Amino acid sequence: MKLLVTFSRRGGRDPGREPIIARVVKETGVLINVEKAYIESMAGEVLIDVPDADAELVRQRMEEMGVAVRVLEDAISRDETECIDCGACISVCPQDVFSFDDEWRIQLQQGRCVLCGKCVRACPHQALSLQQ
Amino acid sequence: MEKSLELINTRIRDGNARVVTAEEMPAIVDELGDEGALEEVDVVTTGTFGAMCSSGAFFNFGHADPPIRMEQVWLNDVEAYAGIAAVDAYLGATQQSTTQGERYGGGHVLEDLVAGTMVELRAISRGTDCYPRRTITTELLLEDMNQAIMVNPRNAYQRYNAATNSTERTLYTYMGTLLPRCGNVSYSGAGALSPLSNDPQFRVIGSGVPIFLGGAQGMVIGEGTQHSAGSGFGTLMVTGDMKQMRQEFLRAATMTGYGVTLYVGVGVPIPVLDLDLVRSTAVRDEDITTEIIDYGVPSRDRPSLRTVSYAELKSGRIELVGEEVRTSSLSSYRKAREVAQELKTWIEEGRMELALPTRRIDPTRRARPMRETTRAPRVREIMDLDVVSVTEDEEIRTAARKLLKGETNHLPVLDRNGVLVGIVTTYDVSKAVVTDGRLRRVRDIMTRQVIKTYPEEPVDIAARKLEKNNISALPVVDATNRVVGILSAIDLGKLFGGRWQR
């Protein structure tokens, strides 16, 4: 399951400088895969992948450490009235999210998405957008 | 055995013509043999649905009161060509909006009209005795126009080159997003379902032949622009009444970084008159090949990296320079099937009869490149020959002195043999002084990945390198990587004025 971890660096505390992920891994023993990290001066965002069964535990511990955690479902949204099933998204995606079914319709495997946004730019029909 | 068109049309009228799609045909021929298939099948329908930039429509808006002879016309801020009679205009699919850039253009206006959306018409004129009015702004629906006749100069490419990119940077092209280092392959076309692949000799596809165009019954005008059937890249010029078209078969698109285009559904019914047509309509994806072209090479004659069949392209993965690479289609195979299927229904229900060409299209013609009477300027002609350089062993202080004395911001760095190994800029030297006093040699601070140009490279290509990499100078090197000059942004100014000015 994908969790989107976000934190603010405003005010006195700065979770961006704390080894939160390492601490949670050590404490809980859950294996966390960091798929994307984006740290700016005032805020930060880390996308992690954890086993479904451990997601609640990880979320709870991280929130106790002062970061916000949100379960990421349907990371990509596809406007089905705009999509014409061309397939331009298929080869630009580093995670193999998109594929054709037997009827040459686009299928999404949302769980693989790491929110890189390449497909959004590549779609000729502007049918794709990232969930915010 | 042969079959006459009259017989086929009689069967269509009687509602008992046997119509199949080009996708179904190979299996029928396998089962019944050529003779059997000729007896069995009357019509093979084809279809394609892809980006067809060379598309557009003629409009007649009707006369206003007082009347205007429109000299410049915009539809939703997209300019249409008005160099024709008073209230006629031609709107091209790729024309971009003056206010929204590549997000909206001619293709979008055409789609909006077909979808029943109101469009703003704006026009200006100098005013004449017969047409005194100088400006007009009004809102129009498709049904308000006297005519909206789609005329697409180049549609339904027989096949199209597939695209990849060998450079280090992502390219945004009309063939879509091309990842660096040949990270993907993009292709277009419906393969064996494509109209012209089913009649490559243009025996029954020619002027006057009825077709499916954007959901309406249209017609082939004749050969398309850049028609090059002799090299396997035939095209069609087609027309149809936009008022009969449907949004599902006419969809605007924006190729990011390239611009606006229009996806058009085109299908041609092929009467199966004889054995040659049985064989040509039994074509399979395996039989249709194209080249994978390296769009990283910025010239007209881009190299091919390999030949590939549509069967391989459609499989989703192909091998390219020793790696397995994923493929993406820009055209929609699902929609191409819909086109062929709908065309099949029309004929089965007797709503469309077939016709033979009133004028044939030349199957041997080849498109030629442009005759250029002036050569595009080359780097050699404007580069600065007076190059100040350093060697990688020299001290940073020396580099600083040379930068000051040479009144330049860029020093190519050479090894002992005079070969280019890096570049240092005023910025690199300043940074070294401010941040770390321990760095002493040029090699410690130089940039090793040098972006460079060549004497024979067109200036436009070099200028794009400057722009894309956000830099202001390029060392000019020969084939052995020795520096023969330097091209700075300032040198580009030489193009204005003097002999390049036109």
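Two strands are said to pair when DSSP finds at least two bridges between them. With that in hand, we can walk through this predicted model, beginning with a sheet in chain A. Its 4 strands form an open sheet in the order β2-β3-β1-β4, and the pairing is antiparallel. The edge positions go to β2 (33–39) and β4 (68–71) of chain A; each has a single partner strand, so one side of each is left without a neighbour in the sheet. From one strand to the next, the twist averages 20 degrees.

Now look inside that sheet. Strand β1 (residues 2–8) of chain A is joined to strand β3 (residues 43–49) of chain A by 7 bridges, in the antiparallel sense.

A pair of packed helices is described by the angle between their axes and the distance between the axes. For helix α1 (residues 20–28) of chain A and α2(A), the axes come within 10 Å and cross at roughly 130 degrees.

Which residues of α1(A) and α2(A) meet? From α1(A) come I20(A), I21(A), V24(A), E27(A) and T28(A), while α2(A) brings L57(A), V58(A), R61(A) and M62(A). Sorted by class, this contact has 6 nonpolar, 1 polar and 2 charged residues.

Let us step back to chain A as a whole. Its secondary structure comes to 4 helices and 8 strands, and along the sequence these follow the pattern β-α-β-β-α-β-β-α-β-β-α-β. Taken along the principal axes, the C-alpha atoms of chain A fill a box of roughly 50 × 30 × 20 Å. The domain assignment divides chain A into domain 1 (2–71) and domain 2 (76–130). The centres of these two domains, taken over C-alpha atoms, are separated by 27 Å. Where they touch, 5 residues of domain 1 of chain A are in contact with 6 residues of domain 2 of chain A.

On to chain B. Here the domain assignment gives domain 1 (5–52 + 151–348), domain 2 (62–145) and domain 3 (379–500). Between the centres of domain 1 and domain 2 of chain B, taken over C-alpha atoms, there are 32 Å. The contact of these two domains takes 20 residues from domain 1 of chain B and 19 residues from domain 2 of chain B.

Strand β8 (residues 96–97) and strand β9 (residues 101–105) of chain B form a hairpin with 3 residues between them. These strands run antiparallel and are joined by 2 bridges. In one of the pairings, S97(B) has G101(B) in β9(B) as its bridge partner.

Further along chain B there is an open sheet of 3 strands, in the order β27-β28-β29 and with mixed pairing. Its edges are β27 (390–391) and β29 (420–425) of chain B, each with a single partner strand, so one side of each is left without a neighbour in the sheet. β27(B) runs parallel to strand β28 (residues 410–414) of chain B, with 2 bridges joining them. T391(B) stands opposite L414(B) in β28(B). Across β27, β28 and β29 of chain B lies α8(B), which runs at about 135 degrees to β28(B).

The last stop is another helix pair. The axes of helix α8 (residues 396–406) and helix α9 (residues 426–435) of chain B come within 10 Å and cross at roughly 135 degrees, which means that α8(B) is oblique to α9(B). This crossing is left-handed. On the α8(B) side the contact is made by I396(B), A399(B), A400(B) and L403(B), and on the α9(B) side by T426(B), V429(B) and A432(B). By class, the contact of α8(B) with α9(B) has 6 nonpolar, 1 polar and no charged residues.

Key:
Residues are numbered from 1 along each chain as its sequence is written. Chains are lettered from A and ligands numbered from 1 in the order in which they are written. This is a predicted model: local features need pLDDT of at least 70, side-chain atom pairs count only at pLDDT 80 or more; totals for chains, interfaces and linings use all residues. Side-chain values use heavy atoms; hydrogens and water are left out. Axes are lines fitted to C-alpha atoms, for helices over the stretch in contact, and angles run from 0 to 180 degrees between N-to-C directions. Contact means heavy atoms within 4.5 Å. Ala, Val, Leu, Ile, Met, Phe, Trp, Tyr, Cys and Pro count as nonpolar, Asp, Glu, Lys and Arg as charged, and the others, Gly among them, as polar. Domain bounds come from an automatic or database domain assignment. Angles under 35 degrees count as roughly parallel, over 145 as roughly antiparallel, 65 to 115 as roughly perpendicular and the rest as oblique. A crossing is left-handed if the near helix is turned anticlockwise from the far one by less than a right angle, and right-handed if clockwise.
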